[in-house]
Amino acid sequence: MDGSVSGGKVEKSAIAGHSLLQQVWRRFRRHKLALGGLVVVGLFVLMSVFAPMIAPYNPYRSFTRSDGSYASWERPSAKHWLGTDDVGRDVLSRLIFAGRVSMSVGLVAVLVATAIGVALGATAGFFGGLVDNVIMRLTDTVLCFPVLFLVLIVATMVGPSIYNIMIIIGCVYWTRVCRLVRAEFLRLREMEFTEASRALGASSNRIIWRHLIPNAISPIVVFGTLFIAEAILIEASLSFLGAGVQPPVASWGNMLHQASSFVVLSRRPWLWIPPGLAIMAVVLSVNFIGDGLREALDPHQQL
Amino acid sequence: MQDYLVRRLLQSIPLLIGITLISFAIMQLAPGDPMSTMISPDLDMEAVDARRAELGLDQPIYVQYFRWLSELLSGNMGYAVQSGRPVLQMIVERIPATLLLTASALAFAYIVAVPLGVISALKQHNLADYLLTLFAFLGISTPSFFAGILLVYVFAIQLNLLPTSGHYSIGEGLIGFAATADRLRYLLLPMLALGTRHLAQVMRFTRSSMLDVLNQDYIRTARAKGIHERVVVYKHALRNALLPIVTLLGLTLPALIGGSFIIETIFAWPGMGRLGVNAIFAREYPILMGLNVLVACMVLMGNLLADVMYAFVDPRIQYS
Amino acid sequence: MRRLSGSKFWTLFIAAVVIMVSLSVVGCQPPEEEVEPPEEDPDEEVGPTEGGTVRIAISSDPENLNPLILPTGVVAPVFECLFNGLVRDNPDWEWVPDAAEDWEVSDDGRTVTFFLHDDITFHDGEPMTAHDVKFTLQSMAHPDYIGGQFGYVSTILGAEEYREGEADDVEGLEVIDDHTIAITTVEPDASIFNTVSRGIAAILPEHILGDVPHEEWQRHEFNQKPIGTGPFKIVEREADSHLTLEAHDDYFKGRPYIDRLIFRIGDDQAMLGAFMNEEVDIIEAPAEEVETVEDLPFANVHVHEGGSFNYLGLNNLHPCLGQPEVRQAIATALNIKEITATATQGYGEPIIAPHTPSSWAYPADCEGWPYDPDKAAEMLDDLGWEVNPDTGIREKDGVKMSYDWYNVDRDEHRRIASLVQQNLEDVNIELDIQVIDFATMTHVLLPRDADGAGVERSKDDFGIYTLGLTVGPDPQGMERQFHSRHSEPGGHNYVSYSNERVDELWGEVRTALDLDQRRELAQELYSILCREVPWIPLYATTDISVAHDRVQGFEPNVLGQVWNVTEWWVDDGS
């Protein structure tokens, strides 16, 4: 209930880390939806990693018809399982390659957000006082802005390349991790094992890295997981407003964006149903995993 | 209590300064200034440069910031680069539309989500819980622009039940009840599109908050004492479970306003969101800065209000 | 949404249409036949009836409706309803009477005397006179005027002096009586008709703006609900929602049939949805949506010339683009016919010179560079650009044949980008596609330093860019794009093209007054451009306007949708 339990638990885990992971896995496994989510995400990850081998065609290459015209908007067929898009490229191949883009946008954005958030949150929580005050005011300030708008402004201005988008999303969405880590640190700082280390003359650095971060890791992991889903959705929203990953590079977001054209929505479902399903499947699965992790890592919240 | 209020207000001052700094700094990232969208082969560059000088765009950045800030403090957000209209006026005339949309989406989300979340918690691991959970997760994982497009397509174009876009029947001259009903018809779809995602989040939050409380010792005690289940749930548990939901408001508000940028575009809703999106592509810095400041201040006030409400309803908070 | 920036783009297009309409000498005289005033035709089965409302979709809010101040949003169709010029253009690109009933050109060609209708009134009931015309033109030359359109009146005698504050009046603007005004230019200048057309100098009321100092023009409330002489007057507006116009009962060419015109403001897709649901009557549809609207029982689809074209601009300073032969090889590698068909859904017309094919200036005898990838590869090989087997990219003297290629974020341009990239890949040229919005594009094309001053162009600014351009029938407007003088900092010769003969020809075209002579000069000019390919022209655009069948008399063309708005009427009969 009051942190000393988890504090003691992790201390123990330093001796037998293996068994802790096993414990977590055992609890995680009980969460059927989370397990299912893990399988789905695993499949998508495999698909992305091996995209060049799986994809039937080059995703950037247009097909031509016998009369020399580009084979745009062909219906699904044996040759093109998911048909072709507006300039005659194979939709299935693009979908597979788009997975790489969308999922790495999610992952990298989370890494950036977490790195910034942990660094600032840890600093604030550990040192307290003025440092804490300044950092927390900054966090509060950023939290006042509609972040999607900020991301949109910055993405439009610096140019919406994949890398820019990953970094911008990360740079704008670090606030929640920061608050989380700080709260966790404030709690842990007062804990006996921290006091003990300090009494034994451990440096701040050592205390942070050896004791505080490992103990604060579980909420960070849960948050990070859930945020991957969020970041994928943010990229899709940016695509809708014209500031997402730009074609010819395919992302699930810019593929789904095609559905905002009525003719595509009503007559060319092969263009938007697959990316729509892919987004929902991954986002849903990641959410389930996040939920499972929360329950597995936070046993006193056993519901 | 009064001290607490004063302290909270004082705490907002650095935030306000931070808001103006961030709003201003972001605009410095861009290559090209707003005059660049106006360059066509037919305009004298001389005139463009004159406008640039008039707007102070040729000054050093910090000079521009303090100029802008001092104007801001006197209630002047500057003038739109292209149309020359006062930014404050442009924003203010669009606030009612955005406020109506976000407020109704917020109300919709909370009014529907809280009862559903409670049901979900009480019927934990029942069919109802699973269905609601599934619905919530679907809501969370659908991009809102996509939800908006589907809503328009199904309910307006296919079923012809509701209008596709706009905020009332222009030129019909409706008055009284008919006018209100007409506006409601236009409001329904954008409200659903904007609110559904939040509905799902609030529902999940309510559920876990409720479950948290139901596992607390005092609830167990109350149950053990043989207090009627209904009284336990509604008198003791629900009240305490609702408290943290108030804090969720602070997070929902900026997200809702962010979402309105997309929803307003889809539904041609004449609010701040569309103004903002247009301003981005037109590099209308005065409008963007004004919008950022105004929206952030609105959120700040919303949070302040939530905090005060929270302090008011939660006896555990000490004001000292 | 992608269309937002698109709409910005189109705004500029439309503004450019209005502005860039250069005139031909033919236009110097009023055509023999008067345009028929909109009168009921007794022979028709169902004649036009008065009354009703028409709702037109526009994609962005024209915040500012003063034609002399830098226009914003979609303004052209609204201006068309609110204002008149002395002359206007007709679908054949001739100047026809508007507020002026007739005009006379002096023998030396320097003075044009315009005779005004004598019963024109502003929306507020005040009569419009030659004084208002003079006021409008003189305002554009005022020392404090910041609307950026001084260039148009600069050829009028005494305008420069007035601008510099050396004169109290523009000498060349002479009000002879209330209904007659004589305009004298420094030299014979055919472009004066363009200047006094409603696209440039829409006549403004002196009795309202006469006392307003120029510093206040930009922010004057007049810009919100202007008073003009046009067939409709603005009665109500709501930001980003709509503008409501009502018929001007005393319109000098006769009251329009319809009572009310509502401009609904919304994103293209939103307005398409609104049209499908019968919430608006007239929209402009993207080409791919034609099949969506064709199925609607109430929709009339009008396909018409768009008056603009798309092209690839090649940075002539770039080490692998400076040679005309290389540019020719690149042009040969592009399958422009199929790119056009795919990018425009079959609604574009491939072109070989940077102009619209309907213009008299379009070169008839140039073949262009027919698609032949093998020949293109051979041409490049012969020029010493050989494929490096390690990278698969052509190289010469250690320089890689690789370009930064800038595109604006419109669907059509994205399609072009993807196909052109593949075409060039086939001949081992590498393209790095950058998709940017229009504002960033202008920064790429018009490089500036931190203080906003134009800087020298360089090979590193860009390799290739894709853009559209709106043109009139006369090539004069293109001078800024191809004259070497305009490659200086801040000039509009973005690709830094330079050819002495071309520079000379621009001068000759400007002073030539005979149409045949102009045609000959222009054709020579365009033949050179076609041969040297400083730009690779892609295709001329087609617009698709869709109207509800309750709107009668709707005939969109290259002038846009509302050019004949006074002849529209509403048939809600059945």
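Me: Which residue stands opposite C:Gly468 in strand 19 of chain C?
Reply: C:Asn310 stands opposite C:Gly468. This is a predicted model, in which local features need pLDDT of at least 70 and side-chain atom pairs count only at pLDDT 80 or more, while totals for chains, interfaces and linings use all residues. Residues are numbered from 1 along each chain as its sequence is written, chains are lettered from A and ligands numbered from 1 in the order in which they are written, and side-chain values use heavy atoms, with hydrogens and water left out.

Me: Why is strand 19 of chain C called mostly covered?
Reply: Buried means under 20% relative accessible area (exposed is over 50%, partly exposed in between; 1.4 Å probe, protein chains only). In strand 19 (residues 464–470) of chain C, 7 of its 7 residues are buried. One side has C:Ile464, C:Thr466, C:Gly468 and C:Thr470, and the other has C:Tyr465, C:Leu467 and C:Leu469, all buried. In a regular strand the side chains alternate between the two faces of the sheet.

Me: Is C:Thr292 buried or exposed?
Reply: The relative accessibility of C:Thr292 is 5%, so C:Thr292 counts as buried. C:Thr292 is in helix 9 (residues 290–294) of chain C; helices (H or I, at least four residues) and strands (E, at least two) are DSSP runs, numbered from the N terminus.

Me: Which residues does C:Thr292 touch, leaving aside its neighbours within four places in sequence?
Reply: C:Thr292 is in contact (heavy atoms within 4.5 Å) with A:Phe262, A:Val263, A:Arg267 and C:Met276.

Me: What makes A:Arg267 and C:Asp295 a salt bridge?
Reply: The term needs a side-chain nitrogen of Lys or Arg within 4 Å of a carboxyl oxygen of Asp or Glu. The closest N and O atoms of A:Arg267 and C:Asp295 are 2.8 Å apart, so the pair qualifies. The rule finds 6 salt bridges across the interface of chain A and chain C. Helix 13 (residues 262–267) of chain A gives the most to the side of chain A that touches chain C, with 3 residues.

Me: How much area is buried between chain A and chain C?
Reply: About 2,400 Å² is buried, with carbon and sulfur atoms giving 50%. In chain A, the residues that lose the most area to chain C are A:Arg61, A:Tyr70 and A:Phe262, together 25% of what that side buries. Buried area is the accessible area (1.4 Å probe) that two parts lose on being put together, summed over both. The contact takes 27 residues from chain A and 30 residues from chain C.

Me: How many strands does chain A have?
Reply: Chain A has 0 strands and 14 helices. Of its 303 residues, 59% count as buried.

Key. Pairing = 2+ DSSP bridges.
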